[in-house]
Structures are given as C-alpha cells and as structure tokens.
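Let's take a short walk through one part of a protein together. Keep the picture at hand as you read.

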Amino acid sequence: MKSGKHLIARYISRIAAGLLLAGIAQLAMAFDLDQLSEQLGEPEVVRGSFIQEKHLRALPQPLTSRGRFVLAKNHGLLWLLERPLQQDYRIDAQGIARRSEQGWQFVAQQSATAQQNRLFLAVLKGDSSGLRQDFELSLSGTAEAWQLDLTPRSVLLKQVFKAIVITGGALVQRIELQETQGDSTVLRLEDNQADQSLSDAERHDFQS
C-alpha cells in the first residue's frame, strides 16, 4: 500500500512538473507586441489589393471600394483606388496627397483626419510604440494568426472610434474601425506580397 502511494505521488509530481514545464514553454513562446512590430516592420515593401466596406447605419448595404496598395517602410503608402472610381492617393509623414494632371497635390485635412492617417500608417507598419501613445493595446494569438485590439486613450480619438480590431499573420490582413456613432469600416488586405525594393514608377510616386 505504501509503495502504491509512493508511485501515485511520484506520478502526480511528474504530471505537475510536466505541466509546469509546459507553462514555462508557453510563456517562452508567447507572442508579444515587440515581436509583432518586428514581424510587420521587416519587409521593405508590401504590395496587395484591398476591399474596403463602409457600413453606415442609414444604408442597408455597405459602400464598397476596391483597389491596390503599396506600403514602403521608408516612404509611406500609395493607395490606388480603382472602383467605384479611379483615384490615387499617397499617405506619408507630410499628410495626404492626391494625384492630379498637375502631379501630386496635398489635400487639406482636419486634425482628426490627419490623426487617422497617422494611425493607418502605424498599423500597417507595425509601429506599436506609435500606437501606444493613443491606444490601449491588447494582443492575442500567435505569429501566424494574431488579433490586436485597440481602445482609444485620447479624447480626440474617443470622439471618433469605439475600438479598432486588427487581425493578421505574417502581414496585416483585416482592419475594422468601430466608430462611436455606430458606423464601421472593414478593410480587407488581400494577395499581400512582401518585397525588398520599389519599382521605378513607385519610387517616382513617393519622391515627386
């Protein structure tokens, strides 16, 4: 009987030790914000297509737009709208510019719009340090499948957003902007491809 108790105790201790080691391994493999930033910030260039749905309370169907994008780590974002109309935009540290027959022309922005643009760039680039200034961040999942929840801190952003939910893997795949008034925007980034350099035309668009 005594030896049986010893065997059971030894068995339980081994299970406990195994669970402890598994817990330590889980902590060691935990995916954190710094790792996410490093992962998203690694590619020099990301290209893909997008589908953007604007859900308005007053409309039964979302307003949908489609196009392509080019994200360059050291330059900014080219947002090339193709449907329902064709229009090219460039978003960088200086603001938003729209392509016209005369070249790129900067668009006047309200402070809230400018802050949203900075947010958009920070999200796509994985700049968690920039996001931490204005949001409480909560990350779950793994490097292959993660979700980042953003809750606004600043008064200005609280007036616009209720929450922002971002999901992805190696790259950002989906962004949902939940607005305080009940409207929302869902942005799906598809066919994402990482690259190490811009084409000559893309480089010209960023530098002109």
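## A strand tucked inside

Strand β9, which covers residues 161-168, is largely enclosed by the rest of the structure, because 6 of its 8 residues are buried. Buried here means under 20% relative accessible area. Keep in mind that you are looking at a predicted model.

## The partners of β9

Which strands pair with β9? One is β8, joined to β9 by 5 bridges, and these two strands run antiparallel. If you look for L148, you will find it opposite I166 in β9.

To get from β9 to β10, the chain passes through a hairpin of 3 residues.

Now let's move to D149, which sits in strand β8, residues 146-152. Is D149 buried, exposed or partly exposed? Its relative accessible area is 26%, so D149 counts as partly exposed, since that class lies between the 20% limit for buried and the 50% limit for exposed.

Leaving aside residues up to four places away in sequence, D149 touches E136, L137, S138, I164 and V165. D149 and I166 are 17 residues apart along the chain, yet 6.4 Å separates their C-alpha atoms.

There is also a polar contact to find: the side chain of D149 meets the side chain of Q147 at 3.0 Å.

Definitions and conventions: Residues are numbered from 1 along each chain as its sequence is written. This is a predicted model: local features need pLDDT of at least 70, side-chain atom pairs count only at pLDDT 80 or more; totals for chains, interfaces and linings use all residues. Side-chain values use heavy atoms; hydrogens and water are left out. Helices (H or I, at least four residues) and strands (E, at least two) are DSSP runs, numbered from the N terminus. Buried means under 20% relative accessible area, exposed over 50%, partly exposed in between (1.4 Å probe, protein chains only). Contact means heavy atoms within 4.5 Å. A polar contact is a pair of N or O atoms within 3.5 Å; within protein, one must be able to donate a hydrogen and the other to accept it, and residues adjacent in sequence count only if both atoms are side-chain atoms. Two strands pair if DSSP finds at least two bridges between them.
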